[in-house]
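The sequence and structure are shown first.

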Amino acid sequence: MPLQKFHYKNLLLGEHDVPLTCIEQIVTVNDTKRKQKVLGPNQKLKFNPTELIIYCKDFRIVRFRFDEAGPESAKKVCLAIAHYSQPTDLQLLFAFEYVGEIYHNPAKKVNGIDPGGGGGGLGSASGQQTPLFETYSDWDREIKRTGASEWRVCSVNEGYMISTCLPEYFVVPSSLADQDLKLYSYSFIGRRMPLWSWNHPNGSALVRMANIKDVLQQRRIDQRICNAITRSHPLRSDVYKSDLDKCLPNIQEIQAAHIKLKQLCVNEPFEETEEKWLSSLENTHWLEYIRSFLKHSAELVYMMECKHVSVILQEEEGRDLSCLAASLIQVMLDPYFRTIVGFQSLIQKEWVMAGYQFLDRCNHLKRSDKESPLFLMFLDCVWQLLEQYPAAFEFSEMYLTILYDSARISLFGTFLFNCPHQRVKESTEFAISKNIQLGDEKGLKFPCVWDWSLQFTSRDRLLFHNPLYIGKSAPCVQNGAVKTFKRSKKNYSSTLRGVPPALKNGIISEQEFLPRRNSLILKLKPDFLQQTESQSNSMEQYFRDWFAKPIDLHGIILPHISGTQIKLWKLCYFRWVPEAQINHGGFITAFHKVSLLADEVDMLNRNLRQYKSNSSLQGNCSELDQSRMYFRATSLNDTSGAPDFLSSSFPFSPVGNLCRRSILGTPLSKFLSGAKIWLSTETLANED
């Protein structure tokens with residue numbers, strides 16, 4: 001890859017840098033003795049390694065050869081990496097060290113940015129801040145945005161007095177008094193009271209709830225909660241409860257599928273898996289589970305949209321599957337969550353503040369038996385929707401991939417903890433031990449992942465933008481004045497997606513009427529929604545009617561879930577595999593062309609505006625320099641070909657990534673000049 005032409009880079013990480021929290025397994029090899037060993041913390045190495053293999057959580061494999069190093073030096077390097085990549089305590093992660101240094105020496109801020117920001121430099125066209133939902137006002141604004149007039153922000157958990165795994169502020173029905181909530185909280189697992197997520201314009205609410213552990217009180221409390229939710233609905237509609245533990249794969253099954261998928265994608269040599277690739281992929285069950293989440297979420301969208309009922313997502317602890325299901329439902333129903341700022345606020349609200357256990361599920365400390373890639377599965381589900389409706393999302397698949405990578409960078413506090421209370425507790429303890437004065441602050445302020453300027457230049461952040469995205473209004477020039485027009489449904493393609501050919505012609509034969517396998521219009525199992533046959537038919541009819549209409553990109557979007565329409569997210573899983581790379585190919589070639597076209601349209605609009613308004617020459621130059629595209633048209637009718645560095649792995653580079661035997665690894669001497677790594681084996685075992 002011609003790196004001199006390709007300037008995209010992470011400001012925190014060099015080309016071959018791997019964050020310690022991204023390391024999954026360290027294997028030392030001795031070729032001559034044919035020995036290998038998986039290294040854990042504080043372990044001894046009885047042979048001199050000739051090679052070090054680092055398996056990363058992002059599917060990378062990094063190899064180092066010790067051909068130029070002495071045997072003792074090689075051993076020390078391996079033990080050092082094993083020691084520092086598997087810390088014994090949360091406070092040994094890099095974020096704590098960094099923030100402690102900043103409080104004592106503010107001049108050392110990384111890229112000059114304050115810790116704890118809410119999303120400055122996030123690459124959004126609007127420049128909006130991402131609400132973090134740490135304050136009363138953020139929740140109040142969300143209530144007003146969704147028109148949830150019969151709901152209120154509750155501060156009963158201020159100071160985490162009721163539950164340590166809930167946020168300090170959350171939303172409850174107005175008819176539920178604080179005193180009742182305190183009383184009921186004892187009956188829920190983890191004292192996790194019902195949490196409001198979102199309100200439909202028709203008044204239906206989306207609510208998350210943990211199981212009630214008190215069997216004797218279960219029916220009474222359940223009835224009381226359901227009555228309160230019913231009273232908050234303008235039509236006093238019923239409440240529909242979905243037991244996610246019964247209808248969706250559990251976290252152990254998802255973890256097992258992820259392990260199989262990783263083995264398939266990093267298998268060496270890659271060509272050996274090619275003949276049985278599709279059957280091997282099916283056997284991982286990864287795509288099957290993606291389909292399950294999309295299908296179930298779409299069925300709950302139907303309940304809220306068509307049946308006008310509020311939906312309760314019930315789960316044992318209410319902080320795993322419900323994070324994923326609640327987020328997917330909102331992405332399908334609310335176009336705000338398909339913008340960059342909206343999507344980030346959704347993750348803050350439904351994952352970070354709602355107590356998704358990032359520390360355990362991402363296994364940052366390498367000692368959790370609760371690891372499960374639910375957050376990755378959510379991003380994969382969103383990618384499926386982006387792939388099917390590219391004009392409905394403001395962000396690109398590069399953004400989703402980089403967001404997944406950012407969960408493994410331990411500088412950021414966003415994805416580091418199991419709940420907000422743990423952040424406050426651990427950082428307060430750390431502050432006391434380091435003699436840091438917190439004042440009125442609740443714990444230390446860690447850098448926020450939504451501050452994208454910490455990682456990327458403003459130019460590189462343009463890759464986050466999807467050139468196919470159609471905003472709510474588009475500018476047009478008429479008689480010298482800039483006007484905006486709202487796009488109606490007639491502006492969109494009227495292609496009938498997922499509809500049998502006969503139906504398009506207005507004729508339904510019995511054979512065509514039968515739904516395909518895994519179709520959304522399959523009859524539901526009796527134990528699922530427990531509806532009458534007519535209600536089940538109405539759901540089938542709803543999906544059939546929806547897919548027959550032109551798509552409103554600023555309304556509801558529903559997934560296609562038949563066999564071929566759920567795909568493998570190749571950019572995320574194949575980007576480090578040289579054999580799978582397509583030079584001058586892949587989705588990026590279309591992305592490049594569309595970017596040039598969009599930039600040409602923007603350029604024409606700017607030229608028209610300046611021509612009509614007779615702007616000064618200086619004004620012309622400054623405006624023409626503006627572009628929202630990473631790839632820019634140098635002039636109108638730009639016919640230049642694609643850059644040499646484009647490939648299906650863009651913007652990542654598998655070539656030269658030290659990940660295959662054919663590259664023979666890289667001598668460590670080239671990486672370790674000046675590094676303070678030559679520690680004695682004895683001090684490693686004792687150092688914290």
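In this predicted model, Cys-265 has a relative accessible area of 1% and is therefore buried. Cys-154, at 0% relative accessibility, likewise counts as buried. Cys-265 takes part in no disulfide, and the nearest cysteine sulfur, which belongs to Cys-572, lies 9.3 Å away. That distance is to be read against the cut-off of 2.5 Å between cysteine sulfur atoms. For the structure, the count of disulfides comes to 0.

**Salt bridges**

Over the whole structure, 24 salt bridges are found.

| Pair | N to O distance | Location of the partners |
|---|---|---|
| Glu-24 and Lys-262 | 2.6 Å | strand E1 (residues 23–30) and helix H7 (residues 251–266) |
| Arg-65 and Glu-51 | 4.0 Å | strand E4 (residues 61–65) and strand E3 (residues 51–56) |
| Asp-180 and Arg-224 | 3.6 Å | helix H4 (residues 178–185) and helix H5 (residues 215–231) |

The salt bridge between Glu-24 and Lys-262 links distant parts of the chain, its partners being 238 residues apart. Glu-24 is partly exposed because its relative accessibility is 34%, whereas Lys-262 has a relative accessible area of 12% and is buried.

Arg-65 and Glu-51 also meet in a salt bridge. Arg-65 belongs to strand E4 and Glu-51 to strand E3, so this pair ties together parts 14 residues apart in sequence. Both Arg-65 and Glu-51 are buried.

Asp-180 and Arg-224 form a further salt bridge. Since Asp-180 lies in helix H4 and Arg-224 in helix H5, the pair ties together parts that are 44 residues apart in sequence. With a relative accessibility of 23%, Asp-180 counts as partly exposed.

Arg-65 and Glu-51 belong, moreover, to one network that also includes Asp-31, Arg-63 and Asp-67, joined by salt bridges that share partners.

**A buried arginine without a salt bridge**

Which side chain of opposite charge is nearest to Arg-408? It is Glu-371, at 5.4 Å. A salt bridge requires the side-chain nitrogen to lie within 4 Å of a carboxyl oxygen, and Arg-408 has none, although it is buried. Arg-408 is placed in the loop between helix H14 (397–406) and helix H15 (420–433). Leaving aside residues up to four places away in sequence, Arg-408 touches Pro-19, Thr-21, Cys-22, Lys-57 and Cys-362.

Key
Residues numbered from 1 in each chain as written. Predicted model: local features only at pLDDT ≥ 70, side-chain atom pairs only at ≥ 80, totals over all residues. Heavy atoms only, no water. Helix = DSSP H or I, 4+ residues; strand = E, 2+ residues; numbered from the N terminus. Buried < 20%, exposed > 50% of the residue type's maximum accessible area, 1.4 Å probe, protein only. Lys, Arg positive; Asp, Glu negative; His and termini not counted. Contact = heavy atoms within 4.5 Å.
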